[in-house]
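Hi everyone, thanks for coming. Let me put the structure up, and then I'll walk you through a few spots in it.

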Amino acid sequence: MEFQISEEHQLLRGAVRQMLSRHEHQKKAWREMTHRDHKFNYELWQEFADIGLLGALVPEEYGGNNSGLLALTLGFEDICTMGFSPSLMLVTCMDTACILKNGTEQHKREIIPSVIAGKTILVFAITEPDAGSNSFRMQTVARREGDRYVMNGQKIFITGVEVADYMLVVARTTTREQIDAKGLPKAFGLSLFLVDPKTKGITKTPIPTVATEGVYQWQLFFEDVEIPAENLVGVEDQGAMAMFNSLNPERILVGAICCGMAEQAINMAVSYAKERKVFRETPIGAYQGVQHPLAEAKIQLEAAKLMTYRAAWAFDQGMEPGVVGSYSNMAKLLASDVALKAVDASLETHGGIGFAEETGLAQLWNGARVLKTAPLNREMILNYVAEQELGLPRSY
Amino acid sequence: MHIVVCVKQVPDWDIPPSSFKVDEGAKKVVPPPGVAPVTSQFDAIAAEAAMKIKDAGGDTKVTIMSMGPATARETIKQGLAMGGDEGVLISDDAFNDIDSTAAALVLATAIKKLGDVDLVLTGRQAVDWDTGVTGTLIAEMIGGPVVTFAKAVSVADGKVTVERVLPDATEKVEATLPAVVTVSNELGEPRYPKLPQIMAAGKKQVTTWTAADLGIDAAALAPKLTLEQLFVPVVDTKVEIIEGETPEEQAANLAKRMKEAKLI
Ligand SMILES: Cc1cc2nc3c(=O)[nH]c(=O)nc-3n(C[C@H](O)[C@H](O)[C@H](O)COP(=O)(O)OP(=O)(O)OC[C@H]3O[C@@H](n4cnc5c(N)ncnc54)[C@H](O)[C@@H]3O)c2cc1C
């Protein structure tokens with residue numbers, strides 16, 4: 001078994017760190033800009049594009065560098081370890097993977113190169129007020145009318161619509177009533193569409209939320225929105241499989257984000273604990289009560305990293321989506337648990353100053369906490385593992 | 001045009017001073033645990049100088065050369081990802097802990113073995129021992145001129161033109177090729193490789209040479225320099241607050257105190 005990260009991956013880590021260290025002096029201002037003013041960080045986005053992260057999953061023939069999901073995973077981790085945010089790269093890369101696997105040649109030639117260059121931002125819209133954990137309850141409908149589809153319905157909690165050039169929207173092309181009437185499987189009838197958020201008939205309302213950096217969450221209403229038929233990604237009614245396969249990279253990248261957050265929190269705690277003296281001249285880091293939670297977080301972080309890397313590696317190897325799915329879900333759950341634990345231990349180590357905005361720890365807490373629930377909550381992962389890995393009956 | 005860039009892998013200098021340890025008995029630096037070694041800062045800038053010459057056009061081949069342990073391959077790969085064409089790793093237990101003169105001999109021998117080298121670029125000094133003589137010694141050994149402390153390097157018509165950093169001026173120097181130029185940080189930050197170049201670097205060749213490949217025997221590597229003592233100096237910092245009602249009074253008191261302390 002090979003536990004060594006390849007030379008290329010090490011070079012990538014060095015390059016990402018070098019690139020970000022040149023922006024270290026802007027970090028504080030950027031944090032204020034993204035957390036307080038919810039402004040998107042276009043400068044950093046362009047850096048992600050220039051260094052090649054947006055082309056990591058893309059083959060050379062479409063202008064990418066094909067370095068793979070493990071490379072991207074390490075990049076995401078380091079970005080977060082250094083206290084920056086990959087922001088919409090998560091959804092953009094996941095959509096990219098989906099388009100590459102299911103899209104037409106035209107999608108790949110027109111959209112992908114522009115994504116790689118940092119000129120096109122993609123977001124993902126699946127959640128509806130009555131369809132979160134259970135996507136099959138979604139009601140947004142796209143009806144084929146000649147050379148176009150007409151979309152009606154609503155979506156909620158869609159991140160980054162204000163800066164997106166396209167949203168990958170999941171909608172029904174066969175209604176639940178039709179499925180029930182014809183006795184079709186429940187996964188049937190969903191389709192994926194590339195939709196320009198500026199299209200006529202889309203009403204957008206921001207939902208003030210904590211824990212998203214530089215972007216807003218949106219509620220969207222679709223009223224007779226006309227979408228060119230060529231914007232269908234994949235086969236009509238077969239979108240579920242296409243979509244679920246692309247959710248694996250998303251989970252893995254969330255795992256990477258969580259590992260990076262945990263590492264950042266632990267690093268901050270360790271530096272602080274070495275300096276801070278409360279009783280006489282002993283730094284608080286000398287107390288086992290401070291050391292042990294950090295040491296435990298460190299051990300679990302190692303485990304989470306290994307699981308995340310294995311999931312990314314399995315994806316790059318082209319292993320069965322089901323196998324990758326299990327690896328990704330387990331990695332995501334462990335990593336998000338570790339992130340919370342590490343940030344909590346770091347806050348405890350810092351005491352009061354941990355809650356001062358300047359340390360960024362309280363924001364990190366929000367960021368880590370949201371990833372326990374979204375994009376897939378802890379309970380649904382445990383359900384999946386119980387059912388798929390342990391062969392226990394479905395509980396819901 | 002064939003440029004060789006000499007790069008050295010060193011312990012990461014960007015660590016807190018408290019993590020820097022030496023073994024006074026063995027007279028060795030103890031590498032910080034869990035911190036990967038890096039390319040010496042000025043050497044990465046020397047590689048940047050080579051890439052700038054390459055970017056300027058012409059048929060330029062850049063060889064990245066390093067003498068060191070097997071891990072120095074990472075430093076070579078870094079140079080290849082920045083745009084280098086080929087790598088040479090010179091690695092042999094006989095080269096462990098040799099002094100600058102011996103290191104220059106090994107590098108100069110390898111450069112001569114390559115044969116067609118026009119320009120050798122090195123960092124102004126390696127950031128581990130800071131001796132700053134290797135480049136100059138290589139020039140002596142390959143029989144070419146050396147220009148030190150470069151902040152700009154360009155090549156035309158069989159000559160290298162260098163802007164040298166002086167304490168309070170810049171000096172422009174021209175030298176015939178083959179030549180050695182040592183590069184200073186004023187040249188600018190080195191580029192970091194991007195993913196397409198990193199992927200390409202994976203496919204580039206790194207040749208490994210041993211002492212036997214270079215025909216160097218151990219006697220030639222005997223040190224000319226003896227390390228007497230290695231220790232971390234104790235730096236004692238004291239803070240003194242200078243009092244005064246007005247800024248003028250504070251400045252006067254400060255000047256008085258500095259005179260007393262013989263600082264001015
Ligand atoms: C910051 C943020 C950003 C988001 N960005 C996007 C986006 O860009 N695009 C998008 O489409 N969506 C987005 N979402 C939505 C997110 O994917 C959903 O919130 C998530 O899928 C959960 O759905 P829900 O909110 O409807 O919760 P529900 O489905 O109502 O679930 C509520 C809770 O019930 C429990 N639960 C539900 N079912 C089970 C079960 N079977 N067993 C045990 N427990 C269960 C879980 O604890 C769950 O947390 C975002 C959400 C947030 C918070």
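Before I point at anything: helices here are DSSP runs of H or I with at least four residues, strands are runs of E with at least two, and both are numbered from the N terminus. Residues count from 1 along each chain as its sequence is written, and chains are lettered from A, with ligands numbered from 1, in the order in which they are written. Keep in mind that this is a predicted model, where local features need pLDDT of at least 70, side-chain atom pairs count only at pLDDT 80 or more, and totals for chains, interfaces and linings use all residues.

Okay, chain B. Met67(B) sits in strand β6, residues 61-67. Is Met67(B) buried or exposed? Buried, because 24 C-beta neighbours lie inside 10 Å. The cut-offs, with C-beta atoms placed from the backbone, are 20 or more others within 10 Å for buried, 12 or fewer for exposed, and partly exposed in between. Beyond four places in sequence, Met67(B) has contacts including Phe95(B) and Leu107(B); contact means C-beta atoms, placed from the backbone, within 7 Å.

Most residues other than glycine have a negative phi, and most peptide bonds are trans. Asp97(B), though, has a positive phi near 60°. Asp97(B) is in the loop between β7 and α3, and it's exposed, with 10 other C-beta atoms within 10 Å. Still in chain B, Leu177(B) and Pro178(B) are joined by a cis peptide bond, and Pro178(B) is in the loop between β11 and β12.

Over in chain A, the bond from Ala374(A) to Pro375(A) is cis.

How values were computed: Two residues are in contact if their C-beta atoms, placed from the backbone, lie within 7 Å.
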